[in-house]
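I opened my notebook for a quick pass over this chain.

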Amino acid sequence: MKTLSIVLFALATAVTSLVSTETVTATYAGFENEVYQFTAEDGSTLEFQGASAEALGQHDLSDDSLKGKTFVITYESETIIDEETEEEITTNIIVGLELQEE
């Protein structure tokens, strides 16, 4: 039992997770390789690995007519740090989409 407790504690402390919510204005470029791609105002590419059902209910990003449209995007960014390898893995998930008037 003591060994099991030590193993569970080690697993729980081996990965640290940081979550933040951010908002950005960007233009929708499309969905490719399971990633939603947008272009920020400064020309950089923003990639989102998923979208909440609520966000997709606001705007269906599978609709090609939305390409080139500008959105205010609210997303959650989660960075997981593996304490053994010190590798950072960041995942961005869209939680809100607001189409901007042009």
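What percentage of the residues in the chain is buried? I looked this up before anything else. Buried residues make up 24% of the 102 residues. I kept in mind that this is a predicted model.

**Entry: overall layout**

I went through the secondary structure next. The chain has 2 helices and 6 strands. Along the sequence I read the pattern α-β-β-β-β-α-β-β. Residues 24 or more positions apart account for 61% of them.

**Entry: strand E6 and its partners**

How many bridges join strand E5 to E6? I found 12, and the two strands run antiparallel. E5 spans residues 70–82, and E6 spans residues 87–99. The hairpin has 4 residues between the strands. Among them I checked Glu-86, which takes a positive phi near 60°.

E6 also pairs with strand E4, residues 50–51. Here the sense is parallel, over 2 bridges. I looked up Ala-51 and found Ile-94 in E6 as its bridge partner.

**Entry: aromatic rings**

I moved on to the rings. The structure holds 5 aromatic pairs. One of them is Tyr-28 with Phe-38: the ring centres are 5.0 Å apart and the planes stand at 50°, so I logged the pair as tilted. Tyr-28 sits in strand E1, residues 15–32, and Phe-38 in strand E2, residues 35–40. The two residues are 10 apart, and the pair links distant parts of the chain. Buried or exposed? Tyr-28 is buried at 2% relative accessible area. Phe-38 is buried too, at 0%.

I then took Phe-48 and Tyr-75. Their ring centres also lie 5.0 Å apart, but the planes are at 75°, so this pair is edge-to-face. Phe-48 lies in strand E3 and Tyr-75 in strand E5, so the pair ties together parts 27 residues apart in sequence. Phe-48 is buried, with a relative accessible area of 1%. For Tyr-75 I noted 11%, which means that Tyr-75 counts as buried under the 20% cut-off.

Which residues do the ring pairs link into a cluster? I listed Tyr-28, Phe-38, Phe-48, Phe-71 and Tyr-75.

Note on methods
Residues are numbered from 1 along each chain as its sequence is written. This is a predicted model: local features need pLDDT of at least 70, side-chain atom pairs count only at pLDDT 80 or more; totals for chains, interfaces and linings use all residues. Side-chain values use heavy atoms; hydrogens and water are left out. Two strands pair if DSSP finds at least two bridges between them. Buried means under 20% relative accessible area, exposed over 50%, partly exposed in between (1.4 Å probe, protein chains only). Contact means heavy atoms within 4.5 Å. Rings of Phe, Tyr and Trp (its six-membered ring) pair if their centres lie within 6.5 Å; planes under 30 degrees apart count as stacked, over 60 as edge-to-face and the rest as tilted.
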